[in-house]
Amino acid sequence: MTVVAEPAPAVRRRVSSALIAGMLLVGIHVVIALLTLVWTPYDPTALAGMRLESPSLLHWAGTDRLGRDFFTAIMIGSRIALIVGIGAVAIGALIGVTLGVLAAFATRLADDALAATFDILIAFPTLLIAMLVVAATEASLWSSILALGIALSAVIARLTRILAKRVLAMDYITAARTSGASWPAIVAEHVLPNIWPTLAVNFALQFGIAIIAEASLSYLGLGAPPPNASWGSLLQEAQGTVYTAPIAAVAPGIALVSLVIGVNLLADGLRDVADPSRRRAR
Amino acid sequence: MNLLEIRNLGIRAGDTELVSGLSFAIAPGQRLGLIGESGSGKSLTALAAIGLLPLGLTATGSIRLADAEAIGARDGALVPLRGTVTATVFQEPLTALDPLMRVGRQVAEPLSRRARRDGRSRDVNHEVLALLEQVALPEPDRIASAYPHEISGGQRQRVAIAMALACQPQLLIADEPTTALDVTTQAAILELLDGLVRERNMALLFISHDLPVVAGIVDDVLVLQRGRAVEAGPVAKVFAAPEAAYTRELIGAARRFDAELGSAA
């Protein structure tokens, strides 16, 4: 008995540690993001010290080349990153899941056409599509969110289409249809719940991709203008002073990586909770 | 009026004929067995009857479901007939249940659909438990809150039967409902189906390759070979004096199998 019973708790502990680590990392960013709404160590636009100060007790990450507190900027970056990630994934999911489910239900010709469109869009780098959309609109936080959402939607649509097709081929769909369920009811009750665990994990990956892509857009000067500076803008600014003040390049990078890793760990942990067949002992 | 009337049914996949020239009818309360080996077109016939042929297959001829022509009908026109005229129990209960939905909700779904159609809205929880009890599931409360992978194969098939009953159909289509089960569970499920069909005065279309199983539960049989009907008639007559060579072969094989079992025991 003990020999058989032993591996199970070990597996469960590993799963939950990923979940806890993810929640912790994401939680820190969420708390910081919320905190910036009511309080920051310094006024983000005020000159709080000398130019390019090194990290100190007064300025944890030093000051930028105008003398503004850099830690304050990074804290605000958390808020921007979360808004970008959530916004882009929400837009991408709305467009992508809708098109993907439609493609799964479509006649063969329409399905082929949609699938080919998804593949062509995916062939373009996410960043390139986003740059085109931003170029067509005015560079602002919202235009980059919209751009990234559109860029992500193709990947989400293709994944949704494949997952939905696999679910639609299952016997329980036929069973539901034989008992008189309509297609909208089948989508809501069977298709979406069954593709959700896989989609959720993918959304988290896309969340990370969106944040990194936004940082790249900002780095290229296509992101949101100050004072809503994202980590990407901070990195761009740090470029000129990377030898004299390396902290300005390192700190936004650490913030970016910690959030992306946190989201991925969280997704991994959540998938195991969402899928009851992975949850063995009750 | 017949619940299901099939005339000269043909099912094709491209140039391959899977079923051809098949005709039969099921009146209210009648029990018909559709027999044949794997690939003889039994299940396709059942799916065609409710307009759910897989993509790429086409049906010709005439299928009248409660006096509505099913061949060539819009899917939307057939949706209201499915579940009210017919309900289906499938072979493999594990895949016929949604793995991510608790058993109770799966049974509740056709119940609330039925309730909505009849224009009444009510709490179906009580009905779910009553149905689970009717299909002789122990501890209905526990089963209702379990996921399909947490109960046994026989229990899953009972749940599938409960879902079919929830529709209150006039015709129950059972597509090899006992094939995936072991022999003792098989007998119990057959007994349950037999009792429920009698109690509710449903018609039954029972599909199987297993002669003894069919013989015990239906009045008439139709023997299919490669998509064609080779013999039809009352079950006692067909089994006692089979006319077609294929039927004799099937019965002979079943007897030899039983004899082998007997001598081995």
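**View 1. A buried residue with positive phi: E176(B).** E176(B) is buried, with 20 other C-beta atoms within 10 Å. Buried here means that 20 or more other C-beta atoms lie within 10 Å of a residue's own; exposed means 12 or fewer, and partly exposed lies in between, with C-beta atoms placed from the backbone. E176(B) is not a glycine, yet its phi is positive, about 50°. The residue sits in the loop between β7 and α7 of chain B. Helices (H or I, at least four residues) and strands (E, at least two) are DSSP runs, numbered from the N terminus.

The model is predicted: local features need pLDDT of at least 70, side-chain atom pairs count only at pLDDT 80 or more, and totals for chains, interfaces and linings use all residues. Residues are numbered from 1 along each chain as its sequence is written, while chains are lettered from A and ligands numbered from 1 in the order in which they are written.

**View 2. A partly exposed residue with positive phi: A136(B).** A136(B) also is not a glycine and has a positive phi, about 60°. Its place is the loop between α4 and α5 of chain B. A136(B) is partly exposed, with 17 other C-beta atoms within 10 Å.

**View 3. The open sheet of chain B.** Six strands form an open sheet in the order β6-β7-β8-β3-β9-β10 (chain B), and the pairing is mixed. β6 (86–89) and β10 (228–234) of chain B are the edge strands; each has a single partner strand, so one side of each lacks a neighbour in the sheet. On average, neighbouring strands are turned by 15° against each other, direction ignored. Strands count as paired if DSSP finds at least two bridges between them. Strands of a sheet pair through backbone hydrogen bonds, either parallel or antiparallel.

**View 4. The β3–β9 pair and the helices on the sheet.** Strand β3 (residues 31–35) of chain B runs parallel to β9 (residues 220–225) of chain B, and 4 bridges join them. L34(B) stands opposite L222(B) in β9(B). Helix α1 (residues 42–49) of chain B packs on the sheet and touches β3, β7 (171–175), β8 (203–208) and β9 of chain B. The direction of α1 makes about 145° with that of β8(B). Helix α6 (residues 153–166) of chain B packs on the sheet too, touching β6 and β7 of chain B. The direction of α6 makes about 175° with that of β6(B). Axes are lines fitted to C-alpha atoms, for helices over the stretch in contact, and angles run from 0 to 180 degrees between N-to-C directions. Contact means that the C-beta atoms of two residues, placed from the backbone, lie within 7 Å.

**View 5. Helix α7(B) and its buried face.** Helix α7 (residues 183–200) of chain B has 18 residues, which should span 26 Å at 1.5 Å a residue; its end C-alpha atoms are 26 Å apart, in agreement. The expected span is 1.5 Å times one less than the number of residues. Which residues of α7(B) are buried? They are I189(B), L190(B), L193(B) and V197(B). Down the axis of α7(B), the buried residues fall within an arc of 105°, so they line one face of the helix. The arc is that of the directions from the helix axis to the C-beta atoms. An α-helix has 3.6 residues a turn, so residues three or four places apart point the same way. The face turned away from the buried side of α7(B) carries the exposed residues T184(B), G195(B), R198(B) and E199(B). Cover for the buried residues of α7(B) includes β3, α6, β7, β8 and α8 (211–215) of chain B. Just after α7(B), N201(B) takes a positive phi of about 55°.

**View 6. The bent helix α3(B).** Helix α3 (residues 103–117) of chain B has 15 residues and reaches 22 Å from its first C-alpha to its last, close to the 21 Å expected. α3(B) bends by about 25° at E109(B), and a proline, P110(B), follows within four residues. The bend is the angle between axes fitted to the seven residues ending at a residue and the seven starting there. Buried residues of α3(B) include V107(B), A108(B), L111(B) and R114(B). Their cover includes α8 (183–219) of chain A, together with α4 (125–134), α5 (140–144) and α6 of chain B. G119(B) follows α3(B), with a positive phi near 75°.

**View 7. Chain A and its contact with chain B.** Chain A has 10 helices and 0 strands. The contact takes 17 residues from chain A and 25 residues from chain B. On the chain A side, α7 (171–178) and α8 of chain A each give two or more residues. The largest share of that side, 6 residues, comes from α7(A).
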